[in-house]
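Open the model in your viewer and keep the selection tool at hand. Each stop below tells you what to select and what to look for.

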Amino acid sequence: MKSEYDIVVVGAGPAGSVAAKYAASQGVSVLVLEKDRDVGYPVRCGEAVSKDRLAEFVEPDKKWICAEVDKFSFIAPNGNEVVLKFDQQGYVLERRIFDYELAKQASEAGAEILTRAYVNGLLFNNDKVTGVKYEYRGEQKEVNAKIVIAADGVESRVGRWAGLKTHVDFRDMECCVQYTVSNIKDINNETCYFYFGKNVAPSGYLWIFPKGNNTANIGLGISGLEGKKKSALSFLNEFMAEHYPDASVLTSIAGGVPCSITLEKISVQGIMLAGDAARQVNPLSGGGIASGMLGGSIAGRIAGESIKMNKPEHIFNYDSEWQDRYGKKHEIYDRIKNGIYDFTDEKFNSIADSFLKVPSDKRTLGKLFTTALINKPSLLIDVAKVFIK
Amino acid sequence: MYRQAKNGILMIEILPDKCDFCGCCVGVCPEDAIELKEAAIRIIDPLCTNCSKCVWACPIEVILFNKNGVKL
């Protein structure tokens with residue numbers, strides 16, 4: 001441990017570890033501070049991710065792949081099921097191993113990692129962030145850094161201390177619970193299931209992602225607005241009682257997914273935000289693994305370049321680079337999300353009925369969203385931009 | 001402010017024994033009034049305005065609005 005690093009990364013999730021790797025591989029000094037005792041645990045994630053988007057960052061490895069999926073199944077409130085094969089295959093991960101592997105890669109690239117280090121403040125010189133304060137085994141400590149990368153997840157407190165307004169509107173927060181269960185025999189191991197409807201997961205969805213060997217992640221997210229009336233936990237327990245009364249619950253977790261567009265600013269003097277902390281989650285799907293890694297990779301690379309060029313203002317290029325890669329796309333996803341946010345059960349049922357009339361070889365995600373939003377022409381253009389190639 | 005209208009008493013109560021320490025409440029808190037460590041959570045009393053967004057956002061019913069006020 002040194003008292004000063006070029007870059008300090010807060011949080012060793014996918015965004016933090018990838019940022020550390022991309023920075024450290026340029027030869028600059030990097031320290032990662034993680035508040036929990038283990039990297040990758042507890043897992044707060046449904047664990048599904050697209051194969052292609054992962055391939056940019058890491059070689060697939062059987063030890064963190066639980067299942068390979070190539071079909072979506074959408075289940076309407078009346079039970080009608082629409083299945084479609086997708087072009088891009090996906091994985092269901094074992095995040096506790098996956099995150100650990102990413103952290104290991106960061107350390108192999110030269111980054112130092114310290115767990116049980118709880119960051120509780122920033123150091124400033126005038127208005128510039130110059131390091132972090134943290135608690136480690138009961139002692140208050142400080143470490144200086146030229147750049148701080150805040151990948152502190154949904155909480156995103158580090159950015160707030162730097163003056164950014166990072167809190168999520170509670171309507172955009174998807175409040176989630178998930179059980180990892182065994183003894184699930186009637187699901188297909190190549191299919192991700194999504195249930196919709198106001199009795200299942202209003203303004204969100206319920207997912208079943210297969211993890212192999214008759215185990216699966218069964219979870220759901222509802223908007224904070226719905227949570228006002230009934231909690232996510234109550235919804236999940238009702239679903240389990242109805243559909244899987246005999247399943248054994250191996251793990252039970254809660255979590256929040258910020259389903260909004262990216263923050264207006266993700267870099268200020270001496271600090272960059274990445275992953276959930278920057279609100280880089282796909283607001284339509286709630287998927288944040290791949291986009292967090294992408295955000296982290298851009299942040300890490302630019303931070304490293306900034307140090308090497310000795311140009312602190314170079315980090316401000318992060319905002320536009322993220323916007324060009326995914327930020328603008330997330331704005332489109334967000335508009336689509338708002339378009340389907342208030343759909344009634346009747347609407348979901350009628351979408352499924354119409355879609356089931358489409359010949360199975362013509363069923364695509366683009367076609368499904370086109371069917372769903374046929375009465376909202378302005379959104380059809382958005383659907384075409386992101387789903388139709 | 002809402003808090004002042006209610007005599008300034010803190011009314012948001014977290015039940016730490018039930019908490020999963022997931023951070024959902026911290027993410028929606030407009031005042032940065034919740035501190036969450038690996039397995040410890042607390043409301044920062046002087047910052048909290050009793051706005052209740054954390055109560056609504058908690059996925060597992062761990063945060064309550066206690067109309068009698070919370071004893072610290």
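**Stop one: a loop in chain A**

Select A:Pro42, which sits in the loop between strand 2 (30–33) and strand 3 (48–50) of chain A. Helices and strands here are DSSP runs, numbered from the N terminus: helices are H or I with at least four residues, strands are E with at least two. This is a predicted model, in which local features need pLDDT of at least 70, side-chain atom pairs count only at pLDDT 80 or more, and totals for chains, interfaces and linings use all residues. Residues are numbered from 1 along each chain as its sequence is written, while chains are lettered from A and ligands numbered from 1 in the order in which they are written.

Now look at the backbone. The peptide bond from A:Tyr41 to A:Pro42 is cis, with omega near 0°. Stay in the loop between strand 2 and strand 3 of chain A and select A:Glu47. Its phi is positive, about 80°, although A:Glu47 is not a glycine. Most residues other than glycine have a negative phi, and most peptide bonds are trans. Is A:Glu47 buried or exposed? A:Glu47 is buried, with 23 other C-beta atoms within 10 Å. (Buried means 20 or more other C-beta atoms within 10 Å of the residue's own, exposed means 12 or fewer, and partly exposed is in between; C-beta atoms are placed from the backbone.)

**Stop two: a hairpin**

Select residues 117–125 and 128–136 of chain A. These are strand 7 and strand 8, which run antiparallel and are joined by 8 bridges. (Strands pair if DSSP finds at least two bridges between them.) Find A:Tyr118: its bridge partner in strand 8 of chain A is A:Glu135. The two strands form a hairpin with 2 residues between them. In the turn, A:Asn126 has a positive phi of about 55°.

**Stop three: the core**

Select A:Ile7 and A:Ile149. In the largest nonpolar core, which has 150 residues, these two touch the most other members. (A nonpolar core is a set of buried Ala, Val, Leu, Ile, Met, Phe, Trp, Tyr and Cys residues joined through C-beta atoms within 7 Å.) Helix 7 (residues 289–309) of chain A gives this core its largest share, 9 residues. Beyond four places in sequence, A:Ile7 touches residues including A:Val28, A:Ile149, A:Ala303 and A:Ile307. (Contact means C-beta atoms, placed from the backbone, within 7 Å.)

Select helix 6 (232–243) of chain A. Helix 6 has 12 residues and reaches 16 Å from its first C-alpha to its last, close to the 16 Å expected at 1.5 Å a residue. (The expected span is 1.5 Å times one less than the number of residues.) Which residues of helix 6 of chain A are buried? They are A:Ala232, A:Leu233, A:Phe235, A:Leu236 and A:Phe239. (The arc is that of the directions from the helix axis to the C-beta atoms.) Turn to the face away from the buried side to see A:Ala241 and A:Glu242, both exposed. The cover over the buried residues of helix 6 includes strand 12 (205–212) and strand 13 (215–223) of chain A.

Next, select helix 9 (residues 345–356) of chain A, which reaches 17 Å, close to the 16 Å expected. Its buried residues are A:Phe348, A:Ile351 and A:Ala352. They fall within an arc of 95°, so they line one face of helix 9. Among the elements covering them are strand 5 (81–93) and helix 10 (365–372) of chain A.

**Stop five: where the chains meet**

Select A:Gly153, in the loop between strand 9 (139–150) and helix 4 of chain A. A:Gly153 is buried, with 27 other C-beta atoms within 10 Å. A:Ala277 is 124 residues away in sequence, but its C-alpha is 4.6 Å from that of A:Gly153. Contacts of A:Gly153 beyond four places in sequence include A:Gly11, A:Asp276 and B:Gly23.

Show the whole contact: 29 residues from chain A and 19 residues from chain B. Strand 14 of chain A gives the largest share of the chain A side, 5 residues.

Finish on chain B, which has 3 helices and 4 strands. Select B:Phe21, in the loop between strand 1 (12–14) and helix 2 (24–28) of chain B. Phi of B:Phe21 is positive, near 55°.

Definitions and conventions. Two residues are in contact if their C-beta atoms, placed from the backbone, lie within 7 Å. The expected span of a helix is 1.5 Å times one less than its number of residues.
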